[in-house]
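Dear colleague,

I am passing on the structure we spoke about, and below it you will find my notes on the side-chain contacts. Please read them alongside the coordinates.

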Amino acid sequence: RQVIVFLLCVCVWQSGAESLRYSLAEEMERDSFVGNIAQDLGLAPSQLAARKARVVSEGSQQLFGLNPSSGVLTAKESLDREEICPQSETCTLFFTLFFDNPLELIRGEVEVVDVNDNSPAFPKKEIVLEILETTPPGSRFPLESARDKDVGTNGLQSYSLESNSHFSLILRGRKDGTKYAELVLERELDREEQPEINLLLTATDGGSPPKSGTAQVRILVLDTNDNIPVFEREVYEVRLDENSPPGQLMARILARDADEGSNGKLQYVFTETSEGAQQLFDLNPDTGEIRVAGNLDFEETKFHEMMVRATDGGGLYSHCKVQVEVVDINDNAPEIQLTSHTASIPEDAPPRTVVALFSVRDRDTGDNGRTECTIEGDLPFTLTPTFGNFYELRTNAALDRETTSEYNISIRATDWGQRRLSSVERLWVQVRDVNDNAPAFSQEVYSVWVAENNRPMVRIGSVSARDADAGSNARVQYAVVREEGEEQGALSVNTESGEVYVLRSLDYERVRALEVRVRAVDGGSPALSAQAVVRVAVRDENDNAPVVLHPGGESGAGELVPRWAPAGYLVAKVVAVDADAGQNAWLSYELAKATEPGLFRLAPHSGELRTARAVAERDAARHRLVVLVRDRGQPPRSASATLAIALLNDFSDARGRPSHETPPAEPDQTLTLYLIACLACVSALFLATGLAALLMKVRRDRRKRAEPLPTFPTAVADSDAGSLPRSLVYDVCLATGTLSSDFRFLGPVWPCF
């Protein structure tokens, strides 16, 4: 920043030190040569083109042009000095030469040299003077001046009068430098001898060759009138503010005549006025009051001079001079002229970036023409004076398009007059977007769920990220983050909308949750990105039926119960598992079918089969129970198992075939008969039961062949649903050579009484 400030100071110092001066004769043809800027500055023409050299004339009209290929300054049109600089001795036109890379400003001026292209001309071709014959020699009579638009030596230089015996000619000058002629009476007039005298008045300029103009002076000799009017002052000096309202009294001219009657009655008239003054002032011929009649403008004419003639009734008259100085008032607001303007800048532009270059001009003078510039509002811009009346509009802070995308900058120029005037120039500056904002997800973690056994390509949710930038920098695309070499997962995200899809059907029993990272990338260069986590919970469906682990086998399992077993005696534990989870894996147990329903009860939650009452001697020796295991899913699923129970008096008899057992002889013959009858009934019942079991087995085998095999947990003892705890696992063994599937409880052999 210090280096930039130093270079700017050097540039401004150099621009202030260098100045180009040229001269050009007026009325030259269009595109006339003015000067070779490249040669004067010691630069090659290619340097002018590379630095974008351009010429800006002061004022609203651009009079000069610069040829960037040759470095020659030319006039865009023929210049008329009398039109550009009227009533000015010297005519100088100013221009400014601008360079870029680096910024440099050089002030130049072109003096328009006057040529003698205008002849002196009198306002009237005939000047009539009425002079009393009693006018004493030495009297002077001002004549209307000729006007020459040229200046200097080309302007009006002298008057000459036709040779005669009564009058001579002398030259007088005004404050503004103009000259006028006065007739001097050299010898008394005699009306009776010569009532009228005609003289030729010639005005000549100083050009080479000189030019001239003529007017006829007609002198009428009047009869005797003793006294001429006498003014109170020969010169009336008046100071008058510009823009004074019409009708305002400016001055009262007063002359006195000692004569009486018509010879003493005076009439006032303007005899000679500066250019345009007769339209600005009104003279009352009777009272001599001079009032404002037009619009006085200090910027156009600062001084007016008029000759007033007072004439009495006898034709005698005298003259006085009225000089009006126009006082400047603050009636012109400053004018802001924009030289260059950058319509848009990037938001990462560094502070002190030049946005616009403009100049300020006030046509007033003094403090009324002194100006200052400010920026309205609290904006990140500042004004830096360069040289003369030029200012630079620069940034003074970092810009952020996301906060403010465009600025309406109002530059106010105010003068220092007592009644301060100002003008405003408004500039629109648009801030171009830069990719400085990464996409932002609405959530860091998105949690969604999907039911298992879903259809492929099902929509389960969406992610959303917003980018504060604009245009392509704000266009967000989504993608699943995968490690190098990783295969496509089960989830996919739509590139444009961010919708999340499941690509394939999910199984809760295999995958209970998924987690992927989703990346949002904008369209900037370089691209910015952000990531979010998508967690998918797989919701369990009741798609697995319970599986009975114990009793197992195709024909169920057998259990041995002593006849002395009391109520609550643990007979067996039904063990089942369900691959589902939650409520779908909650199992309940119930007895679907029993040989004697009142003898056994099954715990609905634990699956423990216990005696509902004490075993009696009259209870049948064999029992067959069908256990139904049901889960709590919607709809519920179930499985069943068969359990065979044998009632024994002694566990040592379990080695023999229970169906061939013969009850011990009893001393009571009656009881023996009863036992034989019961045995026959039981045998018949057993035979019927065996046939029924055989039929059920055949049917079950056919059903099992049609159904797929169930999948069991790898570790049954570690299962959370329906498994038998390790503390209640029974070790069983089969006797060698047994003919049926009988079990023996090895411990304890005897129950605890």
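Cys-681 counts as exposed because its relative accessibility is 55%, where exposed means over 50% relative accessible area, buried under 20% and partly exposed in between (1.4 Å probe, protein chains only). Before I go on, please note that this is a predicted model, in which local features need pLDDT of at least 70 and side-chain atom pairs count only at pLDDT 80 or more, while totals for chains, interfaces and linings use all residues. Residues are numbered from 1 along each chain as its sequence is written, and side-chain values use heavy atoms, with hydrogens and water left out.

Cysteines

The count of disulfides, each being a pair of cysteine sulfur atoms within 2.5 Å, comes to 0. Cys-681 is accordingly in no disulfide, and the nearest cysteine sulfur, that of Cys-678, is 6.4 Å away. Cys-320, by contrast, counts as buried at 1% relative accessibility.

Aromatic rings

The structure holds 10 aromatic pairs, for which rings of Phe, Tyr and Trp (its six-membered ring) must have their centres within 6.5 Å, with planes under 30 degrees apart taken as stacked, over 60 as edge-to-face and the rest as tilted. One of them joins Phe-231 and Tyr-268, whose ring centres are 6.5 Å apart and whose planes meet at 55°, so the pair is tilted. Phe-231 lies in strand β15 (residues 230–231) and Tyr-268 in strand β19 (residues 267–273), so this contact ties together parts that are 37 residues apart in sequence; strands here are DSSP runs (E, at least two residues) and helices likewise (H or I, at least four), numbered from the N terminus. Phe-231 is buried at 11% relative accessibility, and Tyr-268 is buried at 5%. Phe-441 and Tyr-446 make an edge-to-face pair, 6.3 Å centre to centre with 75° between the planes, and here Phe-441 is buried at 14% and Tyr-446 is buried at 6%. Ring pairs also link Phe-98, Phe-387 and Phe-390 into a cluster.

Salt bridges

A search of the whole structure finds 24 salt bridges, each defined as a side-chain nitrogen of Lys or Arg within 4 Å of a carboxyl oxygen of Asp or Glu. Among them, Arg-401 and Glu-402 meet at 3.3 Å, N to O, with Arg-401 buried at 15% relative accessibility and Glu-402 partly exposed at 24%. Arg-475 forms a salt bridge with Glu-496, the closest N and O atoms being 3.4 Å apart; Arg-475 lies in the loop between β35 (465–466) and β36 (476–480) and Glu-496 in the loop between β37 (491–493) and β38 (499–502), so the pair ties together parts that are 21 residues apart in sequence. In the salt bridge between Arg-630 and Glu-590, the closest N and O atoms are 3.7 Å apart, and the pair links distant parts of the chain, with Arg-630 in strand β48 (residues 622–631) and Glu-590 in strand β45 (residues 587–594), 40 residues apart. Arg-630 is partly exposed, with a relative accessible area of 31%, and Glu-590 is partly exposed at 34%. Salt bridges that share partners join Arg-252, Glu-289 and Arg-291 into one network.
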